[in-house]
Amino acid sequence: MPRLIIPVLAGVAAAVVAVATTVWLSLRDTPEDDVAVTRWCAELVQSGLRDIADHRTARFLGKVGEPAAGCRGGERAIAFRATPWVDWSNYWGTGDASSLSDRHLSGSHLLDRNIRGVDGALLDLEYQRMELIRFNLFDNRTYPTYLTAEDGPVRTVWPEMRLAPDDPALAFIEVATDGAQLCGGELIRFRTLTGICNDMRNPAMGSTGQLFARNVDFESTNPELGLDPLAKNRHGDRISLLEPDPQVISRRLFTRDQTRTPDCNSGKGQPGAPDADCDYRKAPFFNVLAAFWIQFMTHDWFAHPDNARSDQSKLMASLGCATERDGDAVVPLAPERIAELGCRPQDVMEAGLVADAAPAPTIKTENGERLARAQTTSRNFVTAWWDASQIYGFDERSARRVQRDPDDPAKLLVVARGSGEYLPVFAAPCPPDAADDASCAPIQREWVGQESVAFPDSWSVGMSFYHNLFAREHNAIVDEFRRMARERPAADSGLRNPAAPEEPITWSEISDEELFQIARLIVAAEIAKIHTIEWTTQLLYNEPLNLGMNSNWSGLFEGDSLASEATREVVAALAESDDPIRRNQLYSAFAAGAGIVGHGSSKRYPAFTPEWLSIDYWDLVNPDDVNGGTNHFGSPFNFPEEFTAVYRLHALLPDMLEFRDVADANKVTKRVPVIDTFRGKATAATDEGGLANWALTMGRQRLGLLLLRNHPQFLQNLDLRPRLDTTIDLAALDIIRDRERGVPRFNEFRRQIGLRQLTSFDDFVDVRLPPDSPEAIYQRALVEELRAVYGRHVCDASKVITAAQLNHDGSPINDCLGHPDGSVVDNIEDLDLVVGFHAETTRPHGFAISETQFHIFILNASRRLFSDRFLTSSFRPEFYTTLGIAWVMDNGPTGKQWEKGEPNGHRQEVSPLKRVLLRAMPELAPELENVVNAFDPWARDRGQYYSLAWTPRPGAESDPAFAEVPAATAKVSP
């Protein structure tokens with residue numbers, strides 16, 4: 001029987017009662033600690049399960065009562081309940097081996113403290129996800145319907161998600177007399193270029209050019225404008241687009257300390273000094289492959305500029321480096337202070353593209369007026385689907401950059417170059433008189449010499465690596481299909497054409513174009529799987545998230561067909577409910593039991609019988625079957641602005657890459673500045689180094705911790721904007737872009753998404769540390785720097801500052817945040833989001849990101865699966881073929897393969913990225929033999945249970961990375 005995690009389901013109450021009652025009866029006459037735990041469990045039973053909040057001010061906030069904390073984590077969990085941070089990270093079993101209790105009955109959900117702790121963590125996370133679904137879906141076009149229509153929270157079709165009347169695709173779409181649109185035919189077979197018709201009844205949803213959504217209420221957006229009275233009370237007149245000064249924030253709070261590595265030269269190294277190095281604080285459990293992976297992902301998910309450009313008609317007059325706080329006053333920067341900080345008043349940048357900045361309309365509701373959209377909106381210029389659009393394209397221009405093999409049009413073109421075969425390069429921009437010539441690749445002049453891909457912006461050797469890797473994977477898929485066509489030409493491939501759904505398509509009958517599109521489906525699903533069960537489980541390296549992310553993909557009951565089938569039946573019933581709680585919140589919880597991927601992809605009858613005894617009534621010509629496995633939870637799917645904001649992860653990058661050769665993996669042969677692999681230089685780096693050596697280089701090197709004062713210096717001094725002839729501080733620009741796009745400041749952001757607020761900068765100090773430890777001393781000094789940059793003010797308790805939460809006693813939260821009226825308080829309300837989540841040092845075990853970032857992830861990581869037809873009800877052979885489904889499910893064409901032993905206590909398949917790497921570069925086999933997760937540093941010994949120790953595995957003892965002296969705690973102020 002597989003491990004059963006107790007999610008928040010309708011029947012979970014009985015399980016909790018059984019746990020606590022059995023513990024109570026079995027642990028009588030036991031040591032004092034057990035008696036206390038038994039008492040807490042009994043009290044938890046008496047209190048019952050909390051309800052899903054019916055108003056956002058009654059939300060869970062990740063904080064449990066004393067009985068729940070004690071039952072799940074004992075005294076340690078009790079001790080940290082008063083902090084603002086979530087409680088589940090202090091439960092038994094949620095950390096490394098030190099979090100495990102020795103008072104347990106192994107394998108028993110009733111008596112095993114460790115299982116109870118992990119189950120409790122997953123229960124907390126499920127509450128958080130359900131309440132995020134209920135309170136944090138704000139679509140800029142359909143929110144009035146969501147808010148005021150009787151069926152708003154369960155609506156599945158929106159007129160706003162129809163294609164425009166002049167869209168040429170309408171010629172292939174069935175349009176009803178009431179204007180409703182229904183996709184069919186070729187438009188539903190594969191992923192379309194612009195993302196239309198993923199949802200057959202909402203053709204425009206998730207397509208290129210749609211408005212970003214929001215995860216915070218519209219009234220909280222653009223607080224710098226001072227239009228909302230609560231925002232005015234929160235911030236007074238202290239904030240604006242450039243206040244506090246973004247370049248000053250960057251230099252004082254983000255810059256890496258390089259005093260130990262003077263040859264770093266601001267991340268650029270020294271000419272003629274191949275051993276020049278740059279210091280940074282390193283994560284022991286995450287590698288540089290992971291840093292470039294997330295950039296590869298974001299290129300697929302979202303892009304605010306149109307074709308890598310912002311508003312060229314409007315240059316921002318200033319990017320800061322103008323003012324600084326001096327006590328309570330804001331003063332101009334003197335020339336000597338500018339020189340000391342190293343910022344640049346002369347920097348300029350194009351303004352961000354805005355879709356609509358006109359005053360937002362309002363909606364009348366029974367509770368008063370609400371905004372119908374955010375104060376400013378912007379568009380997503382790529383598709384929002386997980387469709388590998390960075391590889392295959394997202395509009396006509398980007399598709400012209402994708403080169404197919406003329407000898408086999410099903411393949412992507414690779415050419416012999418340097419050390420192997422790689423993607424071709426851009427030669428020159430289209431001439432002005434040929435800008436619309438389909439045979440010419442539309443590029444910017446700074447892309448010349450880069451490899452030819454659909455999304456070429458922000459290009460580096462890391463992007464070159466992943467694009468070449470998945471081009472090889474695409475072509476390997478085509479080769480396997482060609483083999484099937486040779487060996488079994490008349491066999492049924494499983495593929496079907498909706499125009500002739502009853503006619504089998506044999507392997508030999510699959511056309512070149514069909515095969516190209518099938519390979520795209522497989523590659524996109526592989527990428528989604530890698531990110532869900534491999535990248536994310538290493539980013540959030542603990543048992544609850546390992547189980548939770550795998551359940552998102554394949555369910556909690558994998559291997560238990562009866563439990564999976566029962567859960568699928570429940571989910572199917574919930575999907576038909578008109579009750580929002582059942583249709584949305586309970587649906588989302590139960591869906592994890594059976595797994596989101598493939599949900600709705602079969603309709604077997606009778607239920608609870610072996611597959612060979614049942615009939616699958618799923619029908620390709622029935623839109624309710626093809627489209628029926630998705631759930632948008634009453635709000636059309638697109639990524640929200642807040643999702644893009646929490647993916648500001650530049651601190652992951654090192655300044656220097658430690659280049660290695662597979663012939664001697666333990667030796668660093670040279671250090672390569674990342675900046676020297678940008679744009680066209682990436683081509684030379686890839687050619688010279690070879691893909692396998694770059695895989696080894698990035699696989700062994702640790703990435704940077706997402707903390708303050710750990711931002712790559714080369715990204716603060718970018719001079720890659722030839723059209724502007726300027727240098728850019730990317731850390732400062734990140735702050736400006738969030739302000740432009742209306743992202744709330746850190747504290748209100750936490751309140752909006754259901755996390756507890758902070759009441760001073762002191763809350764950022766991790767109280768779990770010994771107070772006299774170097775890290776605790778450093779954190780306290782950093783708090784003083786936050787105070788110096790953002791300032792303090794005399795608070796006014798008459799000013800209510802938020803409607804998202806209430807104080808513990810039910811009173812409104814005011815400007816004093818619990819401090820006495822008239823006292824001097826920190827300007828924590830002014831703290832920028834990106835600064836705040838980098839300042840969070842109190843994190844769950846193994847979290848490479850903060851809990852604030854993660855909370856946005858809880859919602860959107862599952863929604864992008866729930867909403868995608870090709871990962872739910874259309875995840876079938878009719879679209880992927882039988883080989884394609886097996887390739888995705890088994891991580892390759894040769895069936896499932898298993899790791900040796902039980903890493904972290906689980907029988908584990910060889911991970912999907914590891915399989916992709918081995919197919920593309922078989923010479924990596926000796927190096928990858930002992931690698932369980934390709935995003936864990938390849939030479940690290942993973943230990944027994946989620947260890948974060950930086951120790952070498954056997955054979956890697958001579959690797960100089962294990963002899964490094966830890967980075968000194970960075971100095972706090974320049």
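Reply: Let's start with Cys440: in this predicted model, Cys440 counts as buried because its relative accessibility is 13%, and buried means under 20%. Its partner is Cys430, and a disulfide joins the two with an S to S distance of 1.9 Å. If that word is new to you, a disulfide is a covalent bond between the sulfur atoms of two cysteines. Cys430 has a relative accessibility of 16%, so Cys430 counts as buried too.

The angle about the S-S bond of Cys430 and Cys440 is -130°, which makes the link left-handed. Both ends sit in the loop between β13 (420-422) and α12 (461-487), so the bond ties together parts that are ten residues apart in sequence.

The structure holds six disulfides. One of them joins Cys264 to Cys278, with an S to S distance of 2.1 Å. With 95° about the S-S bond, the link of Cys264 and Cys278 is right-handed. Cys264 and Cys278 are 14 residues apart, and each lies in the loop between α7 (246-254) and β3 (282-287). Cys264 is buried, because its relative accessible area is 1%, and Cys278 is buried as well, because its relative accessibility is 2%.

Another disulfide runs from Cys795 to Cys816, with S to S 2.1 Å. The turn about the S-S bond of Cys795 and Cys816 is 95°, and the link is right-handed. These two cysteines lie in the loop between β21 (792-794) and β22 (824-826), so their bond ties together parts 21 residues apart in sequence. Cys795 and Cys816 are both buried.

If you number the bonded cysteines of the protein chain in sequence order, the pairing reads 1-2, 3-4, 5-6, 7-8, 9-10, 11-12.

Finally, step back to the whole chain. The protein chain has 28 helices and 22 strands, and 63% of its 974 residues count as buried. Among contacts with a separation of 6 or more, 74% come from residues 24 or more positions apart. Leu620 gives you an example of residues meeting across the sequence: Leu620 and Pro498 are 122 residues apart in sequence, yet their C-alpha atoms are 6.4 Å apart in space. As for overall shape, a compact globule with 974 residues would have a radius of gyration near 30 Å, and the chain's 27 Å agrees with that.

Notes. Residues numbered from 1 in each chain as written. Predicted model: local features only at pLDDT ≥ 70, side-chain atom pairs only at ≥ 80, totals over all residues. Heavy atoms only, no water. Helix = DSSP H or I, 4+ residues; strand = E, 2+ residues; numbered from the N terminus. Rg over C-alpha atoms; globule rule 2.2 N^0.38 Å. Buried < 20%, exposed > 50% of the residue type's maximum accessible area, 1.4 Å probe, protein only. Contact = heavy atoms within 4.5 Å. Disulfide = S-S within 2.5 Å.
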